[in-house]
Each structure stands twice: as C-alpha cells, then as structure tokens.
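The following paragraphs lead a new reader through one protein chain. Please keep the sequence and the model in view while reading.

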Amino acid sequence: MYRYSSLGLAAAVFFVSISGYAAKELNSFQAKTDRKYPEVIKYLETLESSFPGTCKRVVIGKSDSGVNIEGIRIGSGPVKAMIVAAHHGNEYGSTEVALAAATEFSARPMPNHTVFVIPVLNIGGYNSRNREEKSPAGSHDPNRDYPGPCGSDSEFALKSTRALAEFMDREGVVSSATLHTYYPAVVYPWGFATHDLTTEYQKEFEDLVRAGASESRYETGNSTNVIYPANGTFEDYAFWKSGVWSLLYELGFSHYPSVSQIEEMVRVNVPGLRAQMEIAPKTRASKHAFTGRCDDGLRLLDRRDE
Ligand SMILES: [Zn+2]
C-alpha cells in the first residue's frame, strides 16, 4: 500500500475497491519527490516481474538524449488506452500518479483493455526538473510541439513527441489521459487558440471528464475555458489527428508536491483514470476534424506554466 497517514473514509473505500492490491510487491511502491529516470525504469521492471503475463515493458522510441523512452503494457484486451506523464519534466507529481496507476491497473487489469502507461515522456527534463526538453536544435516545450489546426511553437522538433504520436497510431490507442501538474482540473478539447471550442462530441467529453474527476472533484470542462489556450498540445493533437478520446489532467495544487500531497493525488485520481477508460467509447471518434476559425490573438493568453 501507499504510506497513507491521514486519510479518512474515502481512502478506506478506495482500498476496498482495489483489494486485489494485496500483492506484497506493491508494498514497495512509495511516492517520491526525488525519483530519477533509472528508478522509474526499475519500478517498471518490478511490475513486470511481479505480474508476469499481465505486464510487459515496451519501448516507445528514443529520446534526443539517446535514452529509450519506456512504458509498460498492462493486460492484453482489444481496446487500447494510454496514460502518459511528464511531458513537462518539472512535473514529477504526474509521474508518481502514472506509476501508481500502473500499479493499480496491474493488480486489477481492466477486462477487454490493454492499458499503456508511459511515466516519463521528457526524460532529460525529468532528470533535471526542467519543463522543456533539449534537442540538438535547442530547448522545446514538448507540449507545444505537436501539429495542430491553428499552428504550434514547433512540430515534432523533439524525438519524444514524434515517438509518442507514432506509438499511439501503431498501437491503435482509443482513449488517452495526459498527466500534468497543476490546477486542479480534468479537461477536454479544444484547447488551442480559437473561440470555436465545441467538438462534435460535447456530451461524450462531458461524461468523460466527470468520470475522470469522480473522486477528485477537480474542476471539469473545456481546456481553454478552465485553464488557458495553448497551441501544439498532445491532448488536442490526439483527438484532432486521430479521434482519440483524449483528456488532460492537471493534478493537485503544486509543481512541488510533498510525499503526502502526492499520495492524495494518487488516491483521488487513479480511480478517475480507471473510470475514464471504462466509460470511453471503444472505437475512435470519426468526426474529429476542426471546422472552426483560429484566432491567433488568443495565443497571447498561453501562460506556459501548467
Ligand atoms: Zn505541464
């Protein structure tokens, strides 16, 4: 179990709901604030050896630093879901929640689903606690590095973002959650610089964010309305390009959560991630094109801090 000290009834309910959690190996999961990438990989190895037949490590691709971007595949069902954390290297709390989610999904695999968890996309940034990631051409914000209908800072200037996009398509991922800190909120597309924020699937996305925030009670809604407009993000790209049911989680209340704050982020968000994947449509959306108008003036509102 996680080392919870000050949790009440809600925590007890959570534990009851994941009683499969008893595997002794899981006692070794402990939220940390100073984890580095080698320890992340070590943890994935522990999961793989603790749940043989359920978990298998996967390589997404190579980062600009030359290090393999790794994740873990959990289960073998036909419906593919994906959780990715640490697009922003300083947001270590997102990685902890991803590792906890990987643990929980491993102990209780979702029927008919395969869940991929990629705990760190931006490895260089994660190890140095920097938001951006370095490439030979300079530093880039990975979550402004995806193509989009209204432009972006850059398009796949980083190997990591391209690798994630290609992995998503190669695997036929249907729903995704990208984890960041902090707001707190769970939001849906569109999140780029436009006043035309509505997709063809308003109702579906409303249901998805409600599920995602079912325990956390985080604020929910459209990404731009709740947070701020940002061009070139993964969450928009995944839906716009491929019709992936894509949500953004802005976890917790700080970029520097303590161990106990991380434990709380885990407690309230892991059930939401499962709920999101459970109710998500089992095929990609077909009407995912953006048909509105871009408004470049709104790009000035991108605060680049979440
Ligand atoms: Zn972020």
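What covers the buried residues of helix 6? The cover includes strand 8 (185-188), strand 9 (219-222), helix 8 (234-242), strand 10 (245-251) and helix 9 (259-279). Helices (H or I, at least four residues) and strands (E, at least two) are DSSP runs, numbered from the N terminus. Contact means heavy atoms within 4.5 Å. The model is predicted, with local features needing pLDDT of at least 70 and side-chain atom pairs counting only at pLDDT 80 or more, while totals for chains, interfaces and linings use all residues. Residues are numbered from 1 along each chain as its sequence is written, and side-chain values use heavy atoms, with hydrogens and water left out.

Helix 6 comprises residues 202-212, and its buried residues are Phe205, Leu208, Val209, Ala211 and Gly212. Buried denotes under 20% relative accessible area, exposed over 50%, and partly exposed in between (1.4 Å probe, protein chains only). Viewed down the axis of helix 6, the buried residues fall within an arc of 155 degrees, so they line one face of the helix; the arc is that of the directions from the helix axis to the C-beta atoms.

The chain as a whole has nine helices and ten strands. Eight strands form an open sheet in the order 1-2-4-3-7-10-8-9, with mixed pairing. Its edge strands, strand 1 (55-62) and strand 9, each pair on one side only. Two strands pair if DSSP finds at least two bridges between them. Strand 1 and strand 2 (residues 68-74) pair in the antiparallel sense over seven bridges, and arginine 57 has isoleucine 72 in strand 2 as its bridge partner.

Helices also meet this sheet. Helix 2 (residues 37-50) lies across strand 1 and strand 2, at about 25 degrees to strand 2. Helix 5 packs on the sheet, touching strand 1, strand 2, strand 3 (79-85) and strand 4 (113-118), and its direction makes about 130 degrees with that of strand 1. Axes are lines fitted to C-alpha atoms, for helices over the stretch in contact, and angles run from 0 to 180 degrees between N-to-C directions.

Arginine 144 is located in the loop between strand 6 (138-140) and helix 5 (159-171). Its relative accessibility is 2%, and arginine 144 therefore counts as buried. Not counting residues up to four places away in sequence, the residues that arginine 144 touches include Arg131, Asp153, Tyr228, Asp302 and Arg304.

Of the 306 residues of the chain, 60% count as buried. Along its principal axes, the C-alpha trace spans about 55 × 45 × 35 Å.
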